[in-house]
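Colleague: I have not looked at this one before. Can you walk me through it?
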Amino acid sequence: SSSSSSLAFVNLRPIVPGHVLIIPRRIVPHLHDLREDEYVDLWRTVRIVQTILRRQYPSTTAFNVAVQDGRDAGQSVPHVHVHVLPRRVNDLEDDVYDALEEWTPKETPQQKQQQQSKLHVPEDSKRVDRTIEEMTLEASQYKKIAQEITQNMESEKEESKQPPQE
């Protein structure tokens, strides 16, 4: 999926099925380096990708949306990128919540639920690269859904311009 300022593509080594990356077309290392229009477009594209992934993976109940904004935040390449991971009940273990639990002074109901759905990210060396064919097939499925969504949005926009029927 793409827009004037952003581009979405499938991940070579997905953490979960449907792991997508969204990048601004202009290469910048930090979110604050984006112009306002690029920033807005990036997050609009994230929302569109979530809609696509919900349709492709109907069991999706939530998303991890992550940005490592700079090298010291764990950014692997000096280019802003957003990870979008569709999630479903009890799909994986989330190590990040263990660290949050140690920091948080008391356990809340939300933290209890987080303990039950922990995202385990395998070491990079244990993640297997996908073939170009696999990635192309996945991307083409998402593109088809994006086209359907765009057509629906355009139809709704046209309908909203018409005067009310009496």
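Predicted model: local features only at pLDDT ≥ 70, side-chain atom pairs only at ≥ 80, totals over all residues.

Colleague: Where does Asp-33 lie, then?
Modeller: Asp-33 sits in the loop between strand S2 (20-24) and H1.

Colleague: Let's step back. How many helices and strands does the protein have?
Modeller: There are 4 helices and 4 strands. Read from the N terminus on, the order is β-β-α-β-β-α-α-α.

Colleague: What share of the residues is buried?
Modeller: Of the 166 residues in the protein, 33% are buried. The accessible surface comes to about 11300 Å², and 52% of that surface belongs to carbon and sulfur atoms.

Colleague: What about contacts between residues at least 6 apart in sequence?
Modeller: Among those contacts, 65% join residues at least 24 apart.

Colleague: Back to H1. At what angle do H1 and H4 pack?
Modeller: Helix H1 (residues 36-56) and helix H4 (residues 132-161) pack at about 115 degrees, and their axes are 9 Å apart. The two helices are therefore roughly perpendicular to each other. H1 passes H4 in a right-handed crossing.

Colleague: Which residues make that contact?
Modeller: From H1 they are Thr-51, Ile-52, Leu-53, Arg-55 and Gln-56. H4 brings Gln-141, Tyr-142, Ile-145, Ala-146, Glu-148, Ile-149 and Asn-152.

Colleague: How does the contact of H1 with H4 split by class?
Modeller: It has 6 nonpolar, 4 polar and 2 charged residues.

Colleague: One more. In which helix is Thr-45 found?
Modeller: Thr-45 is in helix H1.

Colleague: Why does Thr-45 count as buried?
Modeller: Because its relative accessible area is 4%, and buried means under 20%.

Colleague: What does Thr-45 touch, not counting residues up to four places away in sequence?
Modeller: Thr-45 touches Ser-3, Ser-6, Ala-8 and Ile-22.

Note on methods. Residues numbered from 1 in each chain as written. Heavy atoms only, no water. Axes fitted to C-alpha atoms, helices over the stretch in contact; angles between N-to-C directions. Parallel < 35°, antiparallel > 145°, perpendicular 65-115°, else oblique. Left-handed = near helix turned anticlockwise from the far one by under 90°. Contact = heavy atoms within 4.5 Å. Nonpolar A, V, L, I, M, F, W, Y, C, P; charged D, E, K, R; others polar. Buried < 20%, exposed > 50% of the residue type's maximum accessible area, 1.4 Å probe, protein only. Areas by Shrake-Rupley, 256 points an atom, 1.4 Å probe, with all protein chains shown as cover.
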